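Student: I would like to learn how to read a protein model step by step. Could we begin with the overall make-up of a chain and then turn to its sheets?

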Amino acid sequence: MSENIQRLRATYTKGEAVKYISHLDLARTVERVFRRARLPLVYSQGFSPRPKFAFASALPVGATGRAELLDVWLSPPLAPLEFAKRVAPQLPAGIELVEVREVDLRLPALQASVSHADYLVTLEDAPVDLGARIADLLARDAIPMERQRKGELRAYDLRPLILELDLIPGPGAQIGMKLANSSSATGRADQVLAALGLADAPYAVERTRLYFDLADQ
Amino acid sequence: MKTPAIVSREALDRILPRVTQPARYAGHEWNAITKNWDAMDVRLALLYPDAYEIGMSNLGLMILYDLVNRQPDMVAERAYAPWTDMEAAMREAGIPLFSLETRHALRDFDLLGFSLQYELTYTNVLNLLDLAGIPIRAEQRSADDPLIIGGGSGAYSPEPMADFFDLFVIGEGEVALLQLLRAYQAAKRREGWSLEAKRRFLEQAARLPGVYVPSLYRVTYHDDGRVAQFAPLGSAPARIQRQMVTPLPPAPTRLIMPFIDTVHDRAVIELQRGCTNGCRFCQAGMIYRPIRERAVDEVVQTVDEMIAATGYEELGLLSLSSSDYSRIEELLKRLRERYAPEQLAISLPSLRTDAFSVSLAEMIQEGRKSGLTFAPEAGSQRLRDVINKNVTAEDLLNAARTAFERGWQHLKLYFMMGLPTETDEDIDAIADLVRQVLRVGREARGRRVEVNVSVATFVPKPHTPFQWLPLADLEVVADRQQRLRQALRLPGVKLNWHAPEATLLEAALCRGDRRLSRVIERAWRQGARFDAWQEHFDYQTWAGAFEAEGLDPQFYGSRLRASDEVLPWDHIACGVDRAFLWAEYHSALRAETTPDCRGGCQDCGLRACYELADCPPELAGQP
C-alpha cells in the first residue's frame, strides 16, 4: 500500500493578489485548488477526512513570498509535470507554481526542516541614516522586544534571530535580511523594522528563500 | 464624461496592514469576474450592507452577479460594508468606497444595487453611500451620481428606506433586474443622461413590472400617525406586483470563493423556492410562493458543474423545508453515490420535525452525527396550531428517539417566545417538551443526552397573517424568559437567547412608514452602524433619534392595527391576498390550522395573481 504513495514538493509564490490572506486561509484555498485539479489526494482517516499536505512555514499576513514550499501526498503517484499541468489552471491570481519535484517519503516534515529565511524589504522612504541604524543594531548584544503570542505580550531577544542584515545598494531603499525561521525560533521582518525605528514607515516584505538545515534537501 | 477613479493598490497597501481581516478588501477571489470596465455599457455594483463574511454568504446577490455578468455589454462588481476599523482608515486616507473587482470608486458606477435582507443593516446602507461620496437622500443626488436600487426581502416593505432609494425592485431579480438595466441602457442611449433624463427614466421605470419608485407616490397621514392615503403621482401604478419566475432559472455554478472564512463557505444550490407549509409567522413562506422545485437531474448536473468549478468540500442544499422536496431521498442517494470518493459533505438545513428527516440526516451524516436541529417553534399544541406549525409533540419525540437510537447524542431545538396568544402555560410546555426529549434520549442511549434550546423573540412581519399584531410586551417576554430559564435548569440542557434589545427596533423598522427615513438618517448621523452586531448596537442612539423626529417606536412595533388601516406596505402586492392573510389571522386566534397546500389549494390568491394553470406549478422530476 505505502509504496503506491508519493510525496511531491512544490515551490510556489504567494504574490501581491493574495498577500493579505492568512496562513489558515491559504491552506483552505490550496485544498480547494487540489480538489478542482482532481488530484488523487491521500485523505486522513476519521469522521472528517482531510487531504494530506503540509507547508514549510507560515508567511505573515501582508508579506509576499517568492519561493514558498509545500509537500503533498498522492496515491496513485502522478508525474510532477502532470501535477503542474492540472494544478496551474486552478490557481488564483498571485499563486504560481515555480517548481514541482518528487521527494523521499521518509524525509522529515518540511516545517521541521526549515532553519532560516531570506527577506527583501522595500521601504517607500528610507531615512538617510539607515546604514548607520543597521550597523548599530547589528552591534548590539541583545535587542529586547515584545510580541503578541496567543493573546499575551511576551518578551524576547531579537538579536540572535538576525543572521544577516544588509542595506542593498541601488536606487531604491531595500534591506536584505536573513532571519531564523525554525519551529522554535522565528524572526519577523516587521519586528526588525520596528527595532530599526521604522515600524510606521510604509514598506513591502517579500520572503525570497527558505533554507534547510539538512544537507539533503 | 468624468474620468473614473480607481483606488490604487499602493493606497490600500498603506492601510490594509493595520486593519483586521484585510483580505475582506483585497478581492481576487476565485470565480470573481473582472471585465473591461471601459468597454461596458452598463456598470452595476452589487452591495450587501454588512460585513464581507455575511454578504459573501448571500446567494441572491451571487445569482444577480452571475446573471448580469453573462450580458456581454454589462458588468456587475461587488462591495460590502467595511468594518469600523477599515472605515476609519478609509476616511482618514480619503479613500472612497470601491469595488472589489477593479477597485473603481463606487460613485463612478451607473447603478448601485443594495440587497436589503435585514432592517438592522439599514444604517450601513447610508454609511456605504456616504463612504462612496454619494448624497444619501435621493432628492439630493445629481445626474452624475449612480442610480440607487434596493432589492431583497426588505424591499417588500420598503417605506422606511424610501427617501434614500431611487427605486426598488420587488420580487425575484432574475427577470426584473435585467429588464430594468435594459431600460436604463436604452434611456441613456436615447437621450444621454441629465437630471431631466433621470426623472423621465424613473417615470418610465415605474411602469415596468416589479419596479417601485418611491418618489412618485404621495403619502398623507391621519392626526394619530396612521397612513391616510398612499397615492401614486402621474402614471405610476397604484400597486406594484412582485416579480416571480417559474420554472426557476438555472442556478449559478461558478460561485465566488472567499479566501477568508465566511458564514456559509460552501457550494450551494436552491433545491426549491417557496414553501407550502403556511406557517403564519414566516414571511419567507408567504412572499416566495409558489413552491418551485428543481428536477433531480438538474440538481445533480448543477452540483457536478459547481464542484468542478469550485472544489468545495461541502454542499448546502438550500430550501425553506428540505424534507418537503418531493424526491429528497432519491436526490441524496444519487449525490452520495456520486461524491463518496471525493469526501463531499452535504448539509440539509431546515429539516421538518419527524423521523423521516432523521433518516435523511443519516443519509448525509454517515459516521459523523455532529448535530441535528429541529424547530417546533412553540411548546404547546395549542400554540403550534395558532402559528400553523403542523408538528405534534409525538412527531418531535419520534424524531428525537430515532435520532438518539441512530447515534446522535446532541439535539438542537428552536423555539419562539412572544407569539400571539401566548401564556405562561405555553412556556411551561416548552420546558415540558424538553424534559420529554431528555427522557427519550436517556431511554434510547442509556445515559444523558444533550439538548441545546434556542429561543428567539417573535417579531410580526409584513405580508404575514400576523402583520396587524403588536410585538409582545417585552417585559412579559423577559418574565417568561426567566420562567423558562428556571424550568430548564437541568443537566444536559443549554439555553440560548437572542438579545431582546434590538427587537423593538426591528419590529418598528420592518413595519414602518416613510417618515422613519428621517429616524434612520438621524441614528446614522449619531453613529449607528452595524446595528445587527451586539457590540455595536446602542438602543439609546435610536431612542434619541425617534424622539428627535417626534416618532414613537411603539407606534410602529407594538400597536394592534385594525382591518381597515392602510398598512405602509399595502401597495406592494406579493401575490397572497390581504383577505387570505386576514382569514389566516383569525384562524390563528381560534387555534385552527390550515393544511399544507400540496394536498390541495388553499386559495391564498397566488394562482389567480400569476395566472397559474397549476399550483404548485411544477414538482421535481415531473415531466
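Student: How many helices and strands does chain B have?

Tutor: In this predicted model, the secondary structure of chain B amounts to 21 helices and 19 strands. Chain B has a radius of gyration of 24 Å, close to the 25 Å that the globule rule gives for 623 residues, so chain B is as compact as a globular protein of that length.

Student: What share of the residues in chain B is buried?

Tutor: Buried residues account for 49% of the 623 residues in chain B.

Student: Now the sheets, please. In which order do the strands of the open sheet in chain B lie?

Tutor: A general idea comes first: in a regular strand, side chains alternate between the two faces of the sheet. In chain B, 3 strands form an open sheet in the order E10-E13-E14, with parallel pairing. Its edge strands are E10 (267-270) and E14 (345-347) of chain B, each of which pairs on one side only. From one strand to the next, the twist averages 20°.

Student: How many bridges link E10(B) and E13 of chain B, and what lies across them?

Tutor: E10(B) and strand E13 (residues 314-318) of chain B are paired in the parallel sense over 4 bridges, and within this pairing B:Val268 stands opposite B:Gly316 in E13(B). Helix H9 (residues 296-310) of chain B lies across E10 and E13 of chain B, and runs at about 155° to E10(B).

Student: In chain A, which strands pair with E10(A), and in which sense, parallel or antiparallel?

Tutor: Among them are two cases to set side by side. Strand E3 (residues 64-74) of chain A pairs with strand E10 (residues 203-212) of chain A in the parallel sense over 2 bridges, and A:Gly65 stands opposite A:Arg207 in E10(A). Strand E5 (residues 114-123) of chain A, by contrast, runs antiparallel to E10(A) and is joined to it by 9 bridges, with A:Asp118 standing opposite A:Arg209 in E10(A).

Student: Finally, how many residues of chain A are in contact with chain B?

Tutor: There are 20 residues of chain A in contact with 20 residues of chain B. Sorted by class, the side of chain A that touches chain B has 12 nonpolar, 4 polar and 4 charged residues.

Notes: Residues numbered from 1 in each chain as written. Chains lettered and ligands numbered in written order. Predicted model: local features only at pLDDT ≥ 70, side-chain atom pairs only at ≥ 80, totals over all residues. Pairing = 2+ DSSP bridges. Axes fitted to C-alpha atoms, helices over the stretch in contact; angles between N-to-C directions. Contact = placed C-beta atoms within 7 Å. Nonpolar A, V, L, I, M, F, W, Y, C, P; charged D, E, K, R; others polar. Rg over C-alpha atoms; globule rule 2.2 N^0.38 Å. Buried ≥ 20, exposed ≤ 12 C-beta atoms within 10 Å, placed from the backbone.
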